[in-house]
Amino acid sequence: MQNNKDLPPSELIFDLIKGQIVLNAISTVINLKISDYLKDGPKSVMHLAEKTNTHPNSLYRLLRMLSTVGIFTKVKATQEEVKYDEIEFGLTPLASLLQSNEKNMFKNFSLILGRQSFKRAIDDLQYVIQTGENSFKHINNLNIFDYLQQNPVDAKIFNEAMTAMTSSQVSSISKLYDFSQFNTVVDIGGGQGLFLSTILKDNPNLTGIVFDLPHAIEGANQQKQQISHEKLRSDVINNSILPRCKFISGNFFKSIPSGADGYIIKNVLLNWDDESASTILKNCLQAMNFSKSYQKDNKQQKIKPKVIIVDMIMSEKNEMSFGNLLDIVMLVLTQNGRIRTKKEFTNLLDTCGFQITNIWDLSSRSSSPSDPMNFLSIVEAIPKSIDD
Ligand SMILES: C[S@@+](CC[C@H](N)C(=O)[O-])C[C@H]1O[C@@H](n2cnc3c(N)ncnc32)[C@H](O)[C@@H]1O
């Protein structure tokens, strides 16, 4: 993402401010499924208002604004004699991304950020800046993950957004990082299990565990029954991924399943302050120590257990990046969750007893700022001391 420094300040500030209104408008048209109704060609405002049971003039004004930012085309030009409700709107490539069957993280992120619980928290940024407390809790009376446990509709949209993000990242990560070195991996906070299923598909000798909160595991189990990830559908059946994949519910602040040699923590540490992130990492270390003694007892030849953190690393450059935006989202939604710099990651891992063995910066491999890989890094670390 590049600031357009050539724009005069008044235009630049206008460009920045309009984002909130446009986001709100986008999540409204996604909820109304407007793009779905346009898939066979342009439709009039009246037709769309009837289909979506909405107020025609208000809908017209919404679509008119969105057509000015490249979402929808206004097919019949406004002429004096054409009534607003006869004006037709059609799809653009951007609007096509908002169709219900589209799997892309930007649609799902617009949806979750458009939910009242999230939107009101984001609007309340000033509260965070004044108090240092997160506004999600201030508005919703619960920390985000407790809230999601109790609000299944928001939880479903949140988990789908995470899965959509993972879906656009996982095959590149699986190609880049050699998961075949492990016998068993645990995906800590693994959500609906898409990341692990893809790794298992690519590595036929690997077994794995998706570990997450009870509501997320319940959702993952429902997904498993429906086998709704189209891409994986035949693979799941043909390659027998399911028998190699366990779903375990629990709380990573209490304990993490042992018995594995690879511990994946993807897009989790950014949700937590240093103290909480340390607890997760120390529980991981404890699971590794236990795994190691278990392996010794069973006289199996295994590699030293590793933790593989897939997360965003804050750029040290003073430039607009997805990391800068997401850091503000973390400020608002979580209690001191943050996008960490490389140095902060190194210190965090060091104080928890880990030593970094390698870092892959995936942003250097992508050409576009909106590429979902653009904001990820893989940090591989091993315990500094573990009983050999
Ligand atoms: C930001 S999501 C990331 C999901 C997934 N790893 C991904 O990359 O798409 C964070 C995950 O952590 C899980 N989580 C939050 N608190 C947890 C806890 N105390 N114990 C286990 N999982 C937890 C959430 O349910 C959620 O699935």
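I begin with the term that the strand entries rest on: two strands pair if DSSP finds at least two bridges between them. What I am reading is a predicted model, and I keep that in mind throughout.

**Entry 1, the chain as a whole.** I looked up the overall make-up and found 17 helices and ten strands in the protein chain. Of its 388 residues, 36% are buried. Among the contacts with a separation of 6 or more, residues 24 or more positions apart account for 69%.

**Entry 2, strands E8, E9 and E10.** I then went to strand E10 (residues 377–383), which runs antiparallel to strand E8 (residues 306–311) and is joined to that strand by five bridges. Within this pair, I noted Val307, whose bridge partner in E10 is Ala381. E10 also pairs with strand E9 (residues 354–361), again in the antiparallel sense, over seven bridges; here I picked out Asn358, whose partner in E10 is Glu380.

In what order do the strands of the open sheet follow one another? I read the order as E6-E5-E4-E7-E8-E10-E9, which makes seven strands with mixed pairing. Strand E6 (245–249) and E9 stand at the edges, each pairing on one side only. On average, neighbouring strands of this sheet are turned by 20 degrees against each other, direction ignored. For a parallel pair I turned to strand E4 (residues 184–188) and strand E7 (residues 262–266), which are linked by four bridges, and there I found Val185 of the pair bridged to Gly262 in E7.

Two helices that pack on this sheet also went into the notebook. Helix H12 (residues 194–202) touches E4, strand E5 (207–212), E6 and E7, and its direction makes about 175 degrees with that of E5. Helix H17 (residues 342–351) touches E9 and E10, and its direction makes about 150 degrees with that of E9.

How are helix H1 (residues 9–31) and helix H6 (residues 105–113) set against each other? I found their axes 9 Å apart and the packing angle at about 105 degrees; since angles of 65 to 115 degrees count as roughly perpendicular, H1 and H6 are therefore roughly perpendicular to each other. From H1 the contact takes Leu23, Ile26, Ser27 and Ile30, and from H6 it takes Lys107, Ser110, Leu111 and Leu113. By class, I have five nonpolar residues, two polar and one charged in this contact.

Is Gly132 buried or exposed? I count Gly132 as exposed, because it has 10 C-beta neighbours inside 10 Å and the exposed class takes in residues with 12 or fewer. I also recorded the distance from Gly132 to Gln335: the two are 203 residues apart in sequence, yet 8.5 Å apart in space, C-alpha to C-alpha.

Notes
Residues are numbered from 1 along each chain as its sequence is written. This is a predicted model: local features need pLDDT of at least 70, side-chain atom pairs count only at pLDDT 80 or more; totals for chains, interfaces and linings use all residues. A residue is buried if 20 or more other C-beta atoms lie within 10 Å of its own, exposed if 12 or fewer, and partly exposed in between; C-beta atoms are placed from the backbone. Axes are lines fitted to C-alpha atoms, for helices over the stretch in contact, and angles run from 0 to 180 degrees between N-to-C directions. Angles under 35 degrees count as roughly parallel, over 145 as roughly antiparallel, 65 to 115 as roughly perpendicular and the rest as oblique. Two residues are in contact if their C-beta atoms, placed from the backbone, lie within 7 Å. Ala, Val, Leu, Ile, Met, Phe, Trp, Tyr, Cys and Pro count as nonpolar, Asp, Glu, Lys and Arg as charged, and the others, Gly among them, as polar.
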